[in-house]
Amino acid sequence: MILRPVQDTAADAEVVQSLARAAFASLPDTPGATEPPPASVYQAARTRHLARTDPQGCWLAELDGEPVGAVLALRREGVWVLALLVVLPRAQGKGVGRLLLDRALAHGSGCLRGMLCSSPSPAAVRRYRLAGFTMYPVMRLTGRVDRSGLVDPGDIPVHPGNAAHQHLLDSVDRRLRGSAHGPDHGLLRAHCEELLIADSLAGSGYCYRDGGEVKLLAATSKRIATRLLREALARVPEGTQARVEALTAEQEWALDVGLEVGLTVESCGFLGLRGMRPPAPYVPNGGLL
Ligand SMILES: CC(C)(COP(=O)(O)OP(=O)(O)OC[C@H]1O[C@@H](n2cnc3c(N)ncnc32)[C@H](O)[C@@H]1OP(=O)(O)O)[C@@H](O)C(=O)NCCC(=O)NCCS
């Protein structure tokens, strides 16, 4: 078994995607199980982005020259984030996951805080708990948006954002989780349909939406977060399934918005945190947190 760095190439991005597809497909088909990440331009771009920004956090495990597992991790201003950990079904239960996770954790040495999104896999939960993470059960909201449930938006203006809002985004991130997403905002801007910004005397916040998915939301108050989530859901194209994931009990404000517009709540894995409490009001991005 050797570990080698993930290269910033289309070939390595494809290897990581096919490992992820096979690994997630191996999860038991239980309600709330994490679905395999769809092959997407975004997934490939994220792998290449992280191979560039965090070469010491991104590794492939190879056995007899064949890739059997992958890990992607990043560090941003003192927060270590696990973006992906996958092992091929035939190689699972033999310590490959531990080896990959240990290598990725070494990239975070000196970081006081850590974040990850975990599937319901008992093997994953065992690995993360043994690495010191507190595991918070999470819920997800899915379904068609019932527009009659979208109540009056009130007086907080929301407008489209762009690269000029980077400082605002970083400031909100630092307030909520002690660290900015920094370069990851460029990746999200390039791959999400829109970035929404609220910035008023009542507070500030932002939300990325792509199709029906809320990809990341952070705000300085529940009022602003609620306004942004309502606006994002109002903009989900007619007939598209909405999806808001990784909500711990701290995000009841989001649950309430989802219920208002007729979305379904299910449980779906865990948010793992080390050295910090769940940021709120906050909807994490499962692959960048
Ligand atoms: C999670 C995953 C990466 C772990 O990789 P792996 O190579 O199987 O991990 P390891 O063999 O190093 O460790 C698995 C541990 O879980 C334990 N385990 C396995 N199945 C278990 C079960 N059903 N209940 C409890 N423990 C279990 C193993 O005994 C082992 O613990 P030990 O080393 O202390 O004995 C792999 O199973 C996987 O790819 N799963 C599907 C994708 C996924 O869920 N990824 C997780 C992140 S979102």
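Two salt bridges are found across the interface of domain 1 and domain 2, a salt bridge being a side-chain nitrogen of Lys or Arg within 4 Å of a carboxyl oxygen of Asp or Glu. The structure is a predicted model, in which local features need pLDDT of at least 70, side-chain atom pairs count only at pLDDT 80 or more, and totals for chains, interfaces and linings use all residues. Residues are numbered from 1 along each chain as its sequence is written, and side-chain values use heavy atoms, with hydrogens and water left out.

Domain 1 spans 2-111, and domain 2 spans 141-269 + 277-283; these bounds come from an automatic or database domain assignment. The C-alpha centres of the two domains are 26 Å apart. Twelve residues of domain 1 and 14 residues of domain 2 take part in the contact, defined as heavy atoms within 4.5 Å. About 1100 Å² is buried between the domains, 54% of it on carbon and sulfur atoms. Buried area is the accessible area (1.4 Å probe) that two parts lose on being put together, summed over both. On the side of domain 1, Tyr 42, Arg 76 and Glu 77 lose the most area, together 46% of what that side buries.

Five residue pairs are in polar contact across the interface, both residues at pLDDT 80 or more. A polar contact is a pair of N or O atoms within 3.5 Å; within protein, one must be able to donate a hydrogen and the other to accept it, and residues adjacent in sequence count only if both atoms are side-chain atoms. Helix H2 (41-53) and strand E3 (66-76) each supply at least two residues to the domain 1 side. H2 gives the most, with six residues. Helices (H or I, at least four residues) and strands (E, at least two) are DSSP runs, numbered from the N terminus.

Arg 76 is found in E3. Its side chain makes a polar contact with the side chain of Asp 184 (2.9 Å). The pair also forms a salt bridge. Arg 76 is buried, at 7% relative accessible area. Buried means under 20%, exposed over 50%, and partly exposed in between (1.4 Å probe, protein chains only). Residues touched by Arg 76 include His 49, Arg 177 and Pro 183.

Glu 77 lies in the loop between E3 and strand E4 (79-87). Glu 77 is partly exposed, at 41%. Its phi is positive, about 50°. Most residues other than glycine have a negative phi. A cis peptide bond joins Ala 280 and Pro 281, with omega about -5°.

Key: Lists of a residue's contacts leave out its neighbours within four places in sequence.
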